[in-house]
2 protein chains.
Amino acid sequence: MAQDTFDFAPLLPAGSPPPAVRWNGLAKYHFIGGNNDGDQVPIEGLKAAADAVLTREGHTLGTYNVGHGPLGYRPLREFLAGKLKRDAGMAVSADDILIVSGSLQAFDLIHGALLERGDTVICERDTYEGMLNRYTRGGINVVGIPLDDGGMRMDALAAALADCKARGTRPKYIYTIPTVQNPTGTIMSVERRTELLRLAAEYGVPVFEDDCYSDLVWTGERPPALYAMSKRADVIHIGSFSKSIAPALRVGFLVAPWTIMSRMLPHKIDAGSGSLEQMMLAEYCMPHFTSHVPALRKGLRAKLETLMESLNEHFGTAAEFDDPKGGIFLWVKLPDTVDTMKLRQAAAKEGVAINPGPEWSTDAKYAGCRMRICFASPSHEQIREGIAVLADVCRREFGVPTRSGNVEKVRA
Amino acid sequence: MAQDTFDFAPLLPAGSPPPAVRWNGLAKYHFIGGNNDGDQVPIEGLKAAADAVLTREGHTLGTYNVGHGPLGYRPLREFLAGKLKRDAGMAVSADDILIVSGSLQAFDLIHGALLERGDTVICERDTYEGMLNRYTRGGINVVGIPLDDGGMRMDALAAALADCKARGTRPKYIYTIPTVQNPTGTIMSVERRTELLRLAAEYGVPVFEDDCYSDLVWTGERPPALYAMSKRADVIHIGSFSKSIAPALRVGFLVAPWTIMSRMLPHKIDAGSGSLEQMMLAEYCMPHFTSHVPALRKGLRAKLETLMESLNEHFGTAAEFDDPKGGIFLWVKLPDTVDTMKLRQAAAKEGVAINPGPEWSTDAKYAGCRMRICFASPSHEQIREGIAVLADVCRREFGVPTRSGNVEKVRA
């Protein structure tokens with residue numbers, strides 16, 4: 001359209017992020033992002049819910065927030081209050097819950113209310129990339145706490161808090177994913193949760209509990225939320241329907257005491273989150289959530305089995321991982337000689353998309369030979385094929401896995 | 001829940017906005033916000049669209065952005081490309097259009113890409129509150145350009161640009177609502193648009209065209225968009241489905257040359273806007289948009305007539321306004337002795353919500369006796385009653401309108 005194209009570059013602030021590149025479609029073997037199993041989206045139930053709620057209340061879409069105010073559609077908040085009490089032991093009401101446009105918006109509200117450039121937060125060493133990116137952009141100092149198979153290590157947390165105090169720094173919060181940690185798939189025990197809350201109280205640091213994956217514990221039983229266990233109203237809790245129903249709906253929620261909810265709400269200047277999706281979810285979830293989720297978990301567990309089998313078959317002992325307690329991702333260690341940032345590039349050329357460890361960790365060196373593999377979205381066949389291709393690429397680029405190793409493993 | 005409640009206050013950054021207060025429901029006579037006519041939400045069409053698209057593509061909700069990439073659901077972008085060509089003369093493709101979570105997200109993306117504290121922008125003196133709030137929070141200097149019944153005055157714009165240049169300041173953009181200006185309801189002529197683009201080119205300043213109300217021109221005909229008229233790819237254009245279909249859906253769009261779109265996309269870190277609403281809108285709008293909107297306009301025009309009659313009846317000559325060229329709001333001047341910030345407070349106690357002029361203007365003094373009245377959402381009866389109550393409150397607080405004045409006006 002333009003013969004004499006305007007140059008925007010001189011108008012950009014210093015330090016602008018690099019420009020986007022044109023999108024080229026999803027990878028053939030798409031092991032990244034929190035996508036869910038498309039075959040398990042409850043289409044018939046959602047259709048019936050949309051029809052019912054539009055028939056009954058469709059005219060309310062003419063009003064922002066369908067007239068239910070800035071916290072969002074009230075029946076969805078009421079459903080959540082019941083669900084959070086039943087599943088996570090949280091004694092909350094609809095007035096304590098804010099519906100957001102996906103949990104990432106909750107991150108932004110918490111960030112907006114509490115953080116400024118130069119602040120310090122504590123989180124798990126290996127953690128959610130979306131959070132780490134925001135810290136990097138926002139100039140936030142991040143203290144990563146190592147994990148073991150029980151989640152964040154409390155000895156390391158105690159040491160980090162003491163160290164911050166010695167340096168005169170009060171961290172703005174402790175960010176944790178205690179129930180199906182991303183990316184490690186661990187669950188923090190009740191005892192460790194108690195200790196975390198005790199340390200938080202001792203040092204006067206609030207807790208930011210990311211509960212987005214907690215519906216996907218294989219056993220169907222989870223420890224009480226930190227929010228439920230705290231007696232001090234010092235926990236901000238977020239959750240999502242992305243993992244239990246469908247991520248493209250972009251519906252999450254934030255639970256917080258009014259002392260801090262009232263400071264986050266002024267940062268929600270979007271004129272409300274999409275109401276139809278809230279309405280449809282409320283209508284669907286009230287009767288169906290408790291039967292849908294166990295069926296979803298069963299299907300996801302089966303895909304995880306396929307993934308672990310495929311890794312054993314094609315990588316042999318070169319791929320180390322713990323069987324996660326739930327979720328949609330597997331955190332895999334490759335031999336130390338493998339650089340997963342480079343593996344990502346090489347694999348992409350063969351149609352395989354992976355999350356390299358350094359993007360999911362506060363410790364790039366530790367995570368350099370690690371990767372996150374998401375298994376919910378690809379089919380069983382795609383998982384098998386994709387892992388085989390990935391093993392070929394890894395062998396070509398880094399010499400591991402060796403063929404003999406695989407054969408031995410398969411025969412074992 | 002807390003015996004020993006945690007105090008978040010010491011953790012808040014300096015300069016945090018004041019805390020939110022608990023929401024108390026909509027006012028009985030609700031003349032604020034861009035709400036639409038609930039009775040004209042096309043419920044049956046939306047239901048059929050949701051059903052069809054969920055049946056055909058519901059499983060894609062398992063993938064972020066339903067697999068269509070960061071620009072959003074492709075059929076909706078294709079619908080928009082056709083609509084923008086037909087209605088606004090814009091030669092754009094689906095690849096030039098980004099779907100956003102309401103036009104406010106577009107504001108935030110433009111802000112994020114182009115503005116930093118201390119920057120200067122040019123806009124219409126009386127303009128959208130959501131924009132002014134963002135400038136205030138972001139520490140942006142705003143130069144307001146007076147309007148007349150043809151929109152932004154070009155003599156004043158030329159003087160402002162020259163003045164900025166003389167001070168060594170290059171404004172980051174000229175923000176304008178040329179087609180049904182908010183709040184004045186004016187439409188900028190083609191000649192004036194040409195002059196605006198000439199001035200923008202002369203001073204090397206891009207244009208930010210807010211086209212959110214352009215579907216609601218009473219005559220059904222609108223001038224070409226500034227985006228269409230520019231030969232220099234120096235216009236960023238935004239629009240919305242809030243005014244044409246329903247605001248609670250939160251679906252807007254942003255059209256921009258890739259030179260700047262590629263710098264805005266890195267600021268969209270929300271993992272996509274809600275897909276179901278995009279899918280339903282695409283399915284509904286392709287066959288129905290061009291018949292729905294004229295019917296909607298007719299109903300809105302009838303409500304405007306009721307509002308203008310009610311103002312004439314109850315305020316008489318004390319309320320001055322121009323008949324707007326379209327839209328959902330009326331910009332009303334009261335006698336100079338009236339302070340609409342105070343009127344807002346007094347009216348709220350009687351159940352009447354109005355937008356006081358100073359919140360919608362860069363010139364609080366000029367706008368001090370002005371107010372914005374939104375007429376799409378309340379019923380004809382609510383408009384009549386609400387304006388009667390507002391006149392009573394105004395008389396009690398400011399002595400105008402006088403009763404005799406009203407009677408004369410009604411008899412005239």
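Chain A is assigned two domains: domain 1 (25-41 + 291-411) and domain 2 (43-288), with bounds from an automatic or database domain assignment. This is a predicted model, in which local features need pLDDT of at least 70, side-chain atom pairs count only at pLDDT 80 or more, and totals for chains, interfaces and linings use all residues. Residues are numbered from 1 along each chain as its sequence is written, and chains are lettered from A in the order in which they are written.

**Domain contact in chain A**
- The domain centres, taken over C-alpha atoms, are separated by 27 Å.
- Domain 1 contributes 29 residues to the contact and domain 2 contributes 28; residues are in contact if their C-beta atoms, placed from the backbone, lie within 7 Å.
- On the domain 1 side, helix H9 (275-315), strand E11 (329-333) and helix H11 (364-367) of chain A each give two or more residues.
- Helices (H or I, at least four residues) and strands (E, at least two) are DSSP runs, numbered from the N terminus.
- H9(A) gives the most to that side, with eight residues.

**Sheet in chain B**
- Strands E11, E14 and E13 of chain B form an open antiparallel sheet in the order E11-E14-E13; strands pair if DSSP finds at least two bridges between them.
- E11 (329-333) and E13 (355-356) of chain B are the edge strands.
- Five bridges join E11(B) to E14(B), residues 370-374.
- Val332(B) stands opposite Met371(B).

Definitions and conventions: Two residues are in contact if their C-beta atoms, placed from the backbone, lie within 7 Å.
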